[in-house]
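Here are my notes, jotted down for a colleague going through the chains. Have a look at the model first.

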Amino acid sequence: MSENGHDGHGAALTAKDFRTDQEVRWCPGCGDYAILAAMQSFMPELGIERERTVFISGIGCAARFPYYMNTYGMHSIHGRAPAIATGLATSRPDLSVWVVTGDGDALSIGGNHLIHALRRNVNVKILLFNNRIYGLTKGQYSPTSELGKVTKSTPMGSLDWPFNPLSLAIGAEATFVGRAIDTDKAGMTAVLRAAAAHKGSAFVEIFQNCPIFNDDAFDYVRDDKEGVNRIRLEHGEPITWGKDGENALRQRRNGSIEVCGAGEENVLTHDETRDEPTLAFALSRVTQATHGGTPVGVFRDIERPVYDELMAEQLETAVAKRGAGDLTELLHSGETWVVG
Amino acid sequence: MGTKPVEQLSQVIVRFAGDSGDGMQLTGSQFTSETALLGNDISTLPDFPAEIRAPAGSLPGVSGFQLHFADHDILTPGDAPNVLVAMNPAALKTNVGDLPKGGTLIVDADAFSDRNLQKAGYAQSPLEDGSLDEYQLHAIPLTSLTRGALESVEGVTPREAERSKNMFALGLMSWLYGRPVQPTIDFLESKFGAKRPEIAEANVKALQAGYAFGETTESFAVTYEIKPAKMAPGTYRNITGNQALSYGLVAASKLSGLPLFLGAYPITPASAILEELAGFKSFGVRTFQAEDEIAAAGAAVGAAFGGALGVTTSAGPGVVLKAETIGLAIMLELPLLVVDVQRAGPSTGMPTKPEQGDLLMVLFGRNGESPVPVVAARSPSDCFDAAIEAARIALKYRTPVYLLSDAYLANGSEPWLLPDVAGLPDISTEFATAPNAGDEFLPYLRDDQTLARPWAVPGTPGLEHRIGGLEKADRTGNVAYDPDNHDLMTRLRAQKVAGIASDIPELEVDDPDGDAEVLVLGWGGTYGPIAAACKRVRRGGRKVAQAHLRHLSPFPRNTGDVLRRYEKVLVPEMNLGQLLQLVRAQYLVDAHGYNRVRGVPLRAAEVADAIEALVDQ
């Protein structure tokens with residue numbers, strides 16, 4: 001058994017093997033269909049047996065995902081999937097554990113579990129389907145909805161400043177942070193591949209369209225066939241985009257990022273492995289509204305000790321030092337006395 | 001040496017009380033160790049504030065440790081002390097009310113300064129105004145005697161020297177009751193010897209000076225002897241409830257062959273279980289200190305899904321947060337052990353004080369029809385067996401199980417006859433390894449006998465399946481909204497838990513002559529005071545029967561028969577009548593309650609009065 005459950009024996013599987021007999025019940029046109037299809041196509045490539053793959057979700061539209069993956073799975077409770085996955089991944093390092101969550105699930109009710117799973121670097125891959133709305137409860141604003149969002153629960157506009165999920169993840173000491181778009185199968189697969197290969201927690205935000213309650217929220221990148229708005233981050237490559245690659249990003253003296261021409265000096269070369277998080281954070285602040293482009297791909301991918309490996313090491317060390325625990329010895333530890 | 005007359009006593013109750021910083025818990029536990037080695041039966045009750053260091057000398061800062069030891073089988077730490085050691089005016093003020101007239105009172109006369117008297121709210125010194133005349137008062141300058149004894153010890157500050165006064169007091173008490181001080185000397189040397197040998201030396205000297213003071217002072221005319229108790233033969237150790245519970249969990253892991261996974265968040269009075277288990281890594285125990293109570297429970301469920309013995313430990317304010325996870329485990333039908341070390345509530349309540357206020361919460365505090373088996377420990381050492389029993393039920397029936405302890409059991413201690421590991425129950429369980437319906441695997445196809453579903457853990461080829469909190473279709477476990485299916489599944493879950501009644505012992509009744517008219521029914525940590533009360537009532541010539549519940553859900557199958565056999569039933573509880581309400585509702589028995597929520601164990605004498613009143617009614 002190698003890391004992340006790879007062992008090569010599952011290589012003969014196909015996308016079909018990962019489908020279940022359950023009827024998929026998302027709304028027509030939901031971005032979740034594309035993500036599910038991409039995931040089912042991608043899983044065989046990992047070479048992990050179905051039985052050693054586990055999908056855990058919380059509550060919400062995205063949380064139905066495990067029912068449609070022919071692996072082990074648990075549709076749990078609202079926001080708690082990272083906690084449940086932590087228990088599983090920590091006690092079973094041989095498994096490949098994935099968490100599927102949404103913007104409400106991960107960032108509202110489950111915010112605490114998300115940030116702690118990330119900082120611990122538990123070996124779980126967390127996919128956040130961000131549609132910037134509550135879908136299953138029929139259209140209330142979410143923690144990623146833009147300020148002033150008019151919904152049924154905010155008839156005069158929402159008052160909450162939204163989370164930037166990637167900034168939050170980086171602030172929470174995440175070792176892997178990426179972004180993908182539901183309709184961009186190739187781009188999404190590349191990020192998932194990198195996430196799966198990453199040792200420890202991986203956090204991937206997937207822009208996902210909700211055609212019923214928040215349609216067209218991400219049109220600027222979803223429909224961006226010409227690539228004028230997507231800024232593809234490629235490790236070791238200069239960060240440029242636009243129709244002819246004419247736009248580029250560079251860092252200001254204060255660390256923030258500005259747009260410049262591709263031919264100008266100091267164009268940023270993407271380095272996802274930089275241990276220090278400032279650049280990845282600055283990149284996470286690059287948005288369509290502020291910079292005229294949206295970065296997608298892997299923002300950050302660094303190495304740090306993995307929680308479950310550290311825990312397993314402590315158990316091994318304890319056994320090496322004291323020998324395997326003996327119950328009789330344990331009970332008789334401390335001061336004892338004999339009667340009769 | 002040995003020149004003073006020795007008086008025989010059958011039992012003594014000593015209470016050490018002082019400031020939180022005075023080391024009263026250490027003093028008490030060392031006196032316990034010394035006493036245990038003499039073979040007396042023991043029961044202890046630490047009583048301390050939640051504040052780590054309340055303002056010195058203040059009333060809320062008083063910390064106490066009560067120890068009951070005897071030459072016979074005892075059941076409680078005692079209602080009231082015979083001897084009170086008070087290290088300052090605040091400790092005197094908060095404790096002297098419990099000391100019966102004629103009781104022995106030892107105080108540190110040096111601590112009765114104007115300032116300390118004022119902090120304790122004394123207008124004048126009780127040592128001088130005659131208010132303590134009804135006690136055998138020994139006002140001893142413990143602080144200055146200690147300081148004097150340590151003059152020759154180098155490298156110890158005057159403040160550090162004064163802090164050894166608890167050891168002086170311990171030495172004096174050890175002399176008074178003929179306890180050996182060697183175990184304490186060994187303890188002090190191993191605790192301080194390596195890092196601060198001069199501190200070890202100071203404490204040992206203070207201890208020996210206190211002992212010598214007893215021998216030479218004219219203040220004490222006699223010394224006492226308490227013969228060893230007649231106890232069943234075997235090897236004993238002293239143990240607290242939290243320790244016993246931790247050992248029980250490790251034992252359950254061994255006996256089931258499953259690795260133990262504990263998810264926990266620090267909370268009084270349950271934290272010691274997390275700390276204890278964190279030291280058992282060589283047993284393959286994984287402890288996860290979670291970000292909150294919810295995550296602690298969630299991680300335990302995740303580990304259980306993966307085939308571990310998943311456990312989460314907490315107290316009431318944490319357990320309320322775990323309710324949704326327990327509901328999930330009910331739906332998933334996965335084993336999960338939830339430990340509630342009860343403390344006085346509601347809300348934050350009184351964190352260090354015991355209560356039995358969580359019974360109805362653990363039974364009913366969830367949405368929907370969500371039955372959970374409940375097991376309660378009755379004494380500190382019984383936490384060991386109760387933990388194994390709770391794990392057995394969880395594993396066999398694939399259900400969350402509550403194990404109830406309380407702050408008294410958690411911190412209290414008693415001698416424990418160590419069990420033979422070979423004689424502990426086999427609680428092994430089997431994972432599903434193959435399809436169970438032709439070539440199909442149906443995750444909710446139940447065992448005919450137990451109604452438990454198969455436990456197929458990830459990694460098992462061919463048994464891939466999805467479970468979740470949505471209602472399950474019978475057999476397949478698929479998501480189902482069918483009305484009849486929900487009715488069926490709700491009833492099946494209830495039947496599964498109810499059926500455990502056939503797999504637990506019948507309720508035993510202690511009715512020596514078989515013709516008592518009054519039955520006293522208790523549960524959990526009140527066993528000691530209730531049993532002591534029944535003994536007292538019988539000694540007084542009245543008849544009373546006693547039964548004590550370990551299983552609160554389901555009840556033992558003969559519970560109704562037992563209750564209906566008696567004309568009157570008394571249910572003493574440290575709550576306002578929770579078991580009382582259950583037995584009245586379930587068995588239509590007109591039971592009476594005896595209820596105290598004072599944050600201290602029930603007093604045997606008061607329970608006895610209540611029993612006698614009912615007998616005489």
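In which sense do strand β14 (residues 374–376) of chain B and β21(B) pair?

1. They pair in the antiparallel sense, over 2 bridges. Strands here are DSSP E runs of at least two residues, helices are H or I runs of at least four, and both are numbered from the N terminus; two strands pair if DSSP finds at least two bridges between them. V375(B) sits opposite H551(B) of β21(B).

2. Before going on, a caveat: this is a predicted model, with local features needing pLDDT of at least 70, side-chain atom pairs counting only at pLDDT 80 or more, and totals for chains, interfaces and linings using all residues. Residues are numbered from 1 along each chain as its sequence is written, while chains are lettered from A and ligands numbered from 1 in the order in which they are written.

3. Back to chain B: there's an open sheet of 7 strands, ordered β11-β10-β12-β13-β15-β14-β21, with mixed pairing. Its edges are β11 (286–289) and β21 (551–553) of chain B, each pairing on one side only.

4. Now the contact between the chains: chain A puts in 52 residues and chain B 58 residues (contact means C-beta atoms, placed from the backbone, within 7 Å). On the chain A side that touches chain B, α2(A) gives the largest share, 8 residues.

5. β2(A) and strand β17 (residues 466–468) of chain B run parallel, joined by 3 bridges. Look for G73(A) opposite R466(B) in β17(B).

Notes: Two residues are in contact if their C-beta atoms, placed from the backbone, lie within 7 Å.
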